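Hi everyone, and thanks for making time today.

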Protein chains: 2
Amino acid sequence: MARQTIVVLGGNGSGVSAATAARELDDEARIVLVDPGGEATSTVAAVPYAISGETASDSTLSRGRPVALSASHGIEMRAAQGPIRIDVAARRLHLADGALEYTALVHALGAETTPDPRVPAAANVHRLRTPEDLAAVRAAIGPRARVCVIGGSPTAVEAADAFRRGGHIVTIVHSGGRLLDDFSEMGSARATDALRAAGVDVVLGEGPAGADVEEGRVVRLTLTGGARAPVDLVLITGPLRPHSGLLRAAGAELNEDGSVVVDELCATSLPHVFACGASVAVPHAVTGWPVWLPQAGLADRTAMVAGAVAAGGQARLEPVLNTSIVRAGELTLARTGLAWDEAVEYATAEEIGQVSVHGSSCERTLKASQPLAIDLIYHRGDGRILGAEVAGKAGADKRVDVLSAAIVGGMTVERISALDLAYAPPFSTARDVVNVAGWVAGAARAGLARVWTVYELAAHLGSVAIVDVEPERGRAGEITDSLVIPLADLRSHIAALPRDRPLVFVSETGRLGYVAARIARLRGFKDAGFLTGGLLSWQAAGLPVKQGSKHR
Amino acid sequence: MARQTIVVLGGNGSGVSAATAARELDDEARIVLVDPGGEATSTVAAVPYAISGETASDSTLSRGRPVALSASHGIEMRAAQGPIRIDVAARRLHLADGALEYTALVHALGAETTPDPRVPAAANVHRLRTPEDLAAVRAAIGPRARVCVIGGSPTAVEAADAFRRGGHIVTIVHSGGRLLDDFSEMGSARATDALRAAGVDVVLGEGPAGADVEEGRVVRLTLTGGARAPVDLVLITGPLRPHSGLLRAAGAELNEDGSVVVDELCATSLPHVFACGASVAVPHAVTGWPVWLPQAGLADRTAMVAGAVAAGGQARLEPVLNTSIVRAGELTLARTGLAWDEAVEYATAEEIGQVSVHGSSCERTLKASQPLAIDLIYHRGDGRILGAEVAGKAGADKRVDVLSAAIVGGMTVERISALDLAYAPPFSTARDVVNVAGWVAGAARAGLARVWTVYELAAHLGSVAIVDVEPERGRAGEITDSLVIPLADLRSHIAALPRDRPLVFVSETGRLGYVAARIARLRGFKDAGFLTGGLLSWQAAGLPVKQGSKHR
């Protein structure tokens, strides 16, 4: 076999992964890693954690790997400045200083940023993606700087939280109505509350409208609402877009959002040209729809496929779930699969169920235990889990990964209700919150009680009878116009409950609300239901409660 | 429908779960929870964590739940002293103070301890399962007590570790050759090393041979090896057995180990008699074989099924994986599915593959990151994951739960290599160690390199050529008689390598050993392989390395 030349375009993590994967299948090939440099190809995910003080040292953030690679893996490293062009017919990559003929080309240029026209370029306006950005940010600010983060994506929230942990005074300004719009509305509310509780000023529905620049620095930002805020640093976080211009110019098929269309071998529509990393769209595990998700983990997995296939090996893309996780103050928020809004596009609203449960990161008797909430989206017809969101101070990462595996494994809610998870008091509860979520959804599917989500109930307040059955008095208040009947008294008071409206039983977590709904159902109240997630979810969504208690 | 009477026998967690599950399906039934009391029915998993100082307060360990239950769930609580007998034909439970007629009986008596004949009863000889045990232990010892834990099960290791964390001086004495024999040999070695590193004296292959008793207390233990050790407390941890005598007397079918045979509805062989909790055997998810596992999580899941079915509802046992987790010093050790020894009973040794990988709990640049190792057992034929063991200071619980879900979901190693897990630097690495384990196993299945486990290599040291290719000099030494050729020099030295023996490439983690094996394979060394898990696994297994280095 003639010696192959595999050219990988992109010096970031995906490029390195692709080149490595290729080398391990073909030790004779010439493999060239072409690095055009610049921010698009040097994102290092851990950079914000140097600001928060969580990294061991800055030197660990440097990209030393390519150098080691060139020795151990025999990969030629080639810097490329200036224009680049792909000649598909001739299988040639044109660089400013010459051309490279390739047997296979792997495009791994990642995602690129777009300028934010609302903020002028200045010595204290930066992003935070690369070690170079980190150095520039550090040069621009001292301790307890006033930092304004522009944007509402996970990147923006992660950055805001990193500056907060680093002792800075942080404002996050987002022109959208809520942060983290890949998450549920409740998740957004939770993140906003947690950031505010941690001292971050969260400004929604506004953007930068103007800036006062002095001596090359932005000293004051004016927001669209009219407020003017002095700043020491403006951090730009979005938007990203697929860095796919070269492929577009070469005639490759792109999606509307500019992401690269690839098949399950990471092949583009151009012969002998593969693509991977944060520029490609990948099929969603539930819907099959191509989705563009500029995430480091996914970028790496696509790179391993593209590199292997380019070298003649066998590999295949696995679908993705848009699994992601972000810290906001003391909260960790994680998601996988479909959110409600996506699920009702995939199926009909009638086919989609949601339950919300509250549990504990570990045995409640331990000091280390932290509350943990799961919102589970499932298909009411076949019981398949479609998506989940997990929120808590500890243990959210574990539950979301288990649920991600459950979705890929095609599991039903009934199956996860009995999933054999590792139990010892420091790690979980004997009935883990994942099991509970599955169990509640299974009860709903079996028709044991009608489930009301907080948003459904909020939309029907006038036409239902709400009965608060919580015996514990730890909480802030009740939903307005609740009847208050502690569960232990429910059986003796049940005859007096209205029969002309749906009954919705409410408790702190939803657990006792479910029990109450069962009692009512078994006594002839056919439309008895409960508020899933209870008052805890109601309050997490920012819905109002009445202070004080009519309770005995 | 006539009013049912459901009698639940056992006041522990399973009994309560079963009674609750029954009530939520039948609000009219009379439900009686019969509690014979005693240690068998009052185990509280968190008790050892009061010794370690990790519980919030002792009051949280009390079993207040049954009292609340009787109000909210309308469950009659009945204490039962003295003999109990089941009259199956008459559907009647005979208690010392009268008989209870039942529509359905749910047996939930759990597991019981057996006396340890090697240790006399004394005021400072105890178990640590119940709040009463906790009070007795506290009364028996002061600070920095000399505690001798007898046994080698997870319960023994958990207790030893709890006393250590509580500031006591701990010896663990186990008559078997290794601790934790449900785990792999390497897992046992890891736990022993970690306990010793934390200051626990671990004595294996010996048991108590005699005791000096003064004023009703054991003051000195003599071990079978002849050593005599002064003690302030002797903690008995085993063995447990199913508390199934009542069912045996009533004629129920039991397994050889005394565990109760139940079907997937938790029905025993006796009509109208169900069983759940830590006395029943449940089918293993991989083998289908009934297994008796006295674990709190599993006990709870069986209870929910038994309670629901007894009340006329629908529920079904899901198979189990013997998922478990234990802390030993700074180490957390977790397992799920089949261990190697079990896998080669289930299939042939040729069909079973194992790979070992080393990764990090979170992004390596973060101070919080901790090393994490996975040993993955899979079926070489169809690629199914059969079992896994995870070891590390942080994050082992997450990975084992993901792998448990993957086994239940019938996933292959290839599929988990691309599992979409949540990535952000504080939680994982972009290529999580679970992904890596799947990827390496996939490479092995594809025939890309021969995998040697540490035990296979140890058994063939004389007949293979070992080549150490690790370029980094951080480690302790090499396997005796290794050739040392750093990976970057391998290509230029490869012609000199022996062709008459299998080549085994060794590196720190196994990663570069794999790369070296690929290079050799692609250059005609057909039997080139690598040591999976590398020197880290070799040393974790307690296998010898030569100190010092021949390295350039």
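Predicted model: local features only at pLDDT ≥ 70, side-chain atom pairs only at ≥ 80, totals over all residues.

Now let's step back to the whole interface. In terms of residues, 79 of chain B are in contact with 79 of chain A. The size of an interface is often given as the accessible area lost when the parts come together. Here chain B and chain A bury about 7,000 Å² between them, and 58% of that is on carbon and sulfur atoms. On the chain B side, B:Glu24, B:Asp27 and B:Asp420 lose the most area to chain A, together 11% of what that side buries.

How are the two chains arranged? Chain B is superposed on chain A by a rotation of 180° with 0.0 Å of shift along the axis, and the RMSD is 0.0 Å. The two copies are therefore related as by a two-fold rotation axis. The same surface serves both of them, as 100% of the contact residues of chain B recur in chain A.

On to charges. Side chains of opposite charge can pair when their charged atoms come close. Over all chains the count comes to 56 salt bridges, and between chain B and chain A it is 16. One that you can find on the screen pairs A:Asp397 with B:Lys398, with the closest N and O atoms 2.9 Å apart. Another joins B:Glu318 and A:Arg415, at 3.0 Å from N to O. B:Glu318 sits in the loop between α8 and β22 of chain B, and A:Arg415 in helix α11 of chain A, so this pair joins two chains. A:Arg415 counts as partly exposed, at 30% relative accessibility. There is also a network of salt bridges that links A:Asp27, B:Arg491 and B:Arg523.

Other salt bridges stay inside one chain. A:Glu101 pairs with A:Arg92, again with the closest N and O atoms 2.9 Å apart. Both count as partly exposed: A:Glu101 has 48% relative accessibility, and A:Arg92 has 27%. In chain B, the side chains of B:Arg501 and B:Asp500 meet at 3.4 Å, N to O. B:Arg501 is partly exposed at 35%, whereas B:Asp500 is exposed at 62%.

Last, two covered spots in chain A. Is helix α1 of chain A mostly covered or mostly open? It is mostly covered, with ten of its eleven residues buried, among them A:Ser14, A:Val16 and A:Arg23. The other spot is A:Thr130, in the loop between β9 and α4 of chain A. A:Thr130 counts as buried because its relative accessibility is 2%.

That's the tour, and I'm happy to go back to any part of it.

Notes. Residues numbered from 1 in each chain as written. Chains lettered and ligands numbered in written order. Heavy atoms only, no water. Least-squares fit on C-alpha atoms with pLDDT ≥ 70 in both. Contact = heavy atoms within 4.5 Å. Buried < 20%, exposed > 50% of the residue type's maximum accessible area, 1.4 Å probe, protein only. Helix = DSSP H or I, 4+ residues; strand = E, 2+ residues; numbered from the N terminus. Buried area = accessible area lost by both parts, 1.4 Å probe. Salt bridge = Lys/Arg side-chain N within 4 Å of Asp/Glu carboxyl O.
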